[in-house]
Amino acid sequence: MSVVRTCRAPFRKVLGYEKMLDETGGEMHGSGGNSITAEEAFARMGADVMRRQFCAQPPDRNLLFGFGPAEQIKRELLTLWNSVSFFVSYANIDGFRPTWDKLTPSGDLKPLDRWLVERTHAFVRDAEAAYEAYMTVDVMRAYDDYVDELSNWYIRRSRRRFWNSEREALATLWYALVQTLRVVAPIMPFLTDHLWRNLVPDGPESVHLSGWPDVAEPVAAQDLRTRPV
């Protein structure tokens with residue numbers, strides 16, 4: 001209809017994959033009882049889980065679609081959810097109220113804080129390059145690596161600092177979480193917007209109105225993916 005009415009296609013590029021098969025690799029057929037309707041998928045998986053499943057798919061391979069892979073994605077998304085919950089819990093206990101106009105952490109930052117800031121900048125740059133190349137699979141790879149390090153490295157190694165109410169640790173974690181939501185909002189729009197409204201009460205009303213993160217150039221002669229000792 002767009003071509004008929006405007007003489008042009010309603011899109012400039014289309015992201016796809018080879019075929020959509022069921023989670024065992026078989027073709028979906030109603031007669032075989034393994035087909036999944038869109039309504040059933042939305043109800044049982046949720047839109048963001050489906051989008052994550054599509055966007056993490058290498059475009060040269062078949063997509064194995066089903067409720068099993070969806071449950072795995074839900075478990076993986078808990079890492080980000082729990083990281084936000086961890087921050088909110090300690091911020092509320094300590095009365096920590098970050099402000100949008102002072103997004104970048106400052107003060108007496110520890111080496112681990114400085115590492116996370118630079119690691120966040122590297123993640124933003126990697127994701128931006130992947131988006132511009134229309135390679136959402138690379139966005140999700142960068143996201144998975146980053147969130148794993150954020151949760152299993154930064155938060156775990158900084159727990160005592162959160163117990164001791166160190167404001168620099170809280171500010172650094174908040175900064176990292178806010179930038180993460182801005183980066184993956186195009187892929188998981190509903191989850192990121194929900195978390196945004198809990199993290200940034202005084203900033204843009206929606207993560208989708210916050211713009212793309214503006215980060216500094218990489219630090220010279222430093223591997224930003226190397227964790228500090």
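Reader: Is F54 buried, exposed or partly exposed?
Author: F54 is partly exposed, at a relative accessible area of 28%. Buried means under 20%, exposed over 50%, partly exposed in between (1.4 Å probe, protein chains only). This is a predicted model: local features need pLDDT of at least 70, side-chain atom pairs pLDDT 80 or more, while totals for chains, interfaces and linings use all residues. Residues are numbered from 1 along each chain as its sequence is written, and side-chain values use heavy atoms, without hydrogens and water.

Reader: And F65, buried or exposed?
Author: F65 counts as buried, at 4% relative accessibility.

Reader: How many aromatic pairs are there?
Author: Eight. Rings of Phe, Tyr and Trp (its six-membered ring) pair if their centres lie within 6.5 Å; planes under 30 degrees apart are stacked, over 60 edge-to-face, the rest tilted. F54 and F65 are stacked, because their centres are 5.8 Å apart and their planes at 15°.

Reader: Switching to S210. What does S210 touch?
Author: W100, R182, W196 and P204, leaving out residues up to four places away in sequence. Contact means heavy atoms within 4.5 Å. S210 itself is buried, at 10% relative accessibility.

Reader: How about W196, buried or exposed?
Author: Buried, with W196 at 0% relative accessibility. W100 is partly exposed at 23%.

Reader: Which ring does the charged end of R44 sit over?
Author: The ring of F67, 3.6 Å from its centre. The rule wants NZ of Lys or CZ of Arg within 6 Å of the ring centre and within 35 degrees of the ring normal. K13 lies over the face of Y134, at 5.1 Å from the ring centre.
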